[in-house]
Amino acid sequence: MNSWKVPLADVTLGPEETAAVTEVLQSGWLSMGPKTQEFEDRFATFLGVKHAFAVANGTAALHLACEVLGLGPGDEVLCPALTFVASANAILYTGARPVFVDITGPHDLNLSVSDAAAKVSERTRAIMVVHYGGYPGDMDAVAALARRCGLKIIEDCAHAPGAVYHAAQGPRLAGALSDVGCFSFFANKNLTTGEGGMVVTDDDDLAGKIRTARSHGMTTLTWDRHRGHSFSYDVVARGYNYRLDELRSALGLVQLRKLTSANARRRELTEAYRAQLQDLDRLEIPFRDAPAGSAHHLFPILLKEPSPRADFMAALARQGIQTSIHYPPVHRFSYYQKLWDAGHDHRLPRTEKIASRLVTLPLFPSLTRGQLDAVVAAVCGYWR
Ligand SMILES: Cc1ncc(COP(=O)(O)O)c(C=O)c1O
C-alpha cells in the first residue's frame, strides 16, 4: 500500500480481521450493537476497569472525558504541549483552557509533575496526562498532586493500550489510573479499527454520563429499540453522535486479542534499536532507563545540537525510510499562540530545547530485522 522501503508505521491485518468484518456484514446489523457491547466488555476486563465505552475516535473520547468531568468556561486543565493537538483541542471544546506543562527532560518526554504543580491556580480543575510513546507518566506523583489540589485526572492513552504502570499499590494498566482513560484506535495505533476509540472509568456516575453523552444525550439506543426493549426516549443531557459501529468493533475484538503479543514485538524491536544506537554520540535516546511496561508505540530519538533535523530526515527519506516528528509542540501553533497572546503564559524551556531535535524512527510489529538494520545503517551512515 505504500512506496516506502521502511514506512513509519504499518497495520497488521490478517484473515481473522477479514472474517470478523465479513461476519458483521452478513449479520445485517451495522450500527452500535452486540459486537460493540462485546468489544467494550472485553476491553474493560483487559484493563481491569468497571466501564468501557467504544467511541468514534480518540478525540471524541477525550472530549467526552472533559465534558462529563464538568469542565467549562473559566476552568483550566494542565496538559503537556508535547502531544498531538487533539489532547488540547478536546479541552477547548468545553470552553475550558489548556495550561501547557513542560516535559520532565530529554530522558523522559512525559509531563513534569513539578512544573504541573507550579502551574496550578484557583481555576485549575483537572490534569490530562498523555503517556507519550506508550511510556506511562509518573502517575503516583500525578495522583498525589491531584489529591492535594482537588484535581480530576484524565489519561490520554492514545499511545498506551496495554502499557503497565508500576504504581505504589501494585501494577495497573494505563487508563485504569485516573478518573477517565481515553484511547484512540486510529490506523497507526497499537490497536486499530481504522478510526475509533474507547473511554474507560471505574466511576458509576461518570459512566452513566458518558453512556448518555455518547449518543445524543438520549436515554435509549437504536439497538434497544430494535430489540423491543424500548419504544421511546428522552434527551437528558447535551449529547453527541460519538458511537462506534459494529464493523469497527469486530475489528477491535480481533486486534485486542493480538495486542499483548504485538506490544511484546514492539518491545523487542525497541531493545534492538537501543542496542545498536546507544553508542552513537550524535544522538540521545529518550526513555532508555524507563521502567518496564511501555506499550512502545513510538521510537523517538533526539539529535544532538546543532540539529540537522530536516537534512537528516531528507537523507533517510532518500533511502526509502519514513520518519516523523512527535510532536510539533501545541503551544507553538498559531492558533494556540493567539490564546497565549490572550494572557496565557507558555514558558516551556525543556520542551523548547528538544522540539527541534526530535525525530521518530519506524516502529511497528511487522517491522523486520532487515528493515530495522536498514534504518540503523542509514542513521549511523548519516554522520560518516
Ligand atoms: C496523543 C494523542 N491524543 C489523541 C489522539 C486523537 O486520536 P484520534 O485520531 O483517534 O482522534 C491521538 C492520535 O491521533 C494522539 O496521538
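1. Contacts of Ala65. Setting aside neighbours within four places in sequence, Ala65 touches Ile154, Val180 and Cys182; contact means heavy atoms within 4.5 Å. The model is predicted: local features need pLDDT of at least 70, side-chain atom pairs count only at pLDDT 80 or more, and totals for chains, interfaces and linings use all residues. Residues are numbered from 1 along each chain as its sequence is written, and side-chain values use heavy atoms, with hydrogens and water left out.

2. Setting of Ala65. Ala65 sits in helix H3, residues 58-68. Helices (H or I, at least four residues) and strands (E, at least two) are DSSP runs, numbered from the N terminus. Ala65 counts as buried because its relative accessibility is 0%; buried means under 20% relative accessible area, with a 1.4 Å probe and protein chains only.

3. The ligand site. The ligand is surrounded by 16 residues, and the closest are Gly58, Thr59, Asp156, Ser184 and Lys189. A residue counts here if one of its heavy atoms lies within 4 Å.

4. Ligand oxygen atoms. A backbone N or O atom of Gly58 lies 2.7 Å from a ligand oxygen. For a polar side-chain atom of Lys189 the distance to a ligand oxygen is 3.1 Å. For one of Tyr327 it is 3.0 Å. The protein covers 92% of the 380 Å² of accessible area that the ligand has on its own (Shrake-Rupley method, 1.4 Å probe).

5. A hairpin. Strands S4 (residues 103-105) and S5 (residues 108-111) pair in the antiparallel sense over 2 bridges; pairing requires at least two bridges found by DSSP. The hairpin has 2 residues between S4 and S5. Gly105 has Asp108 in S5 as its bridge partner.

Terms used
Buried < 20%, exposed > 50% of the residue type's maximum accessible area, 1.4 Å probe, protein only. Polar contact = N/O pair within 3.5 Å; in protein donor to acceptor, adjacent residues only side chain to side chain.
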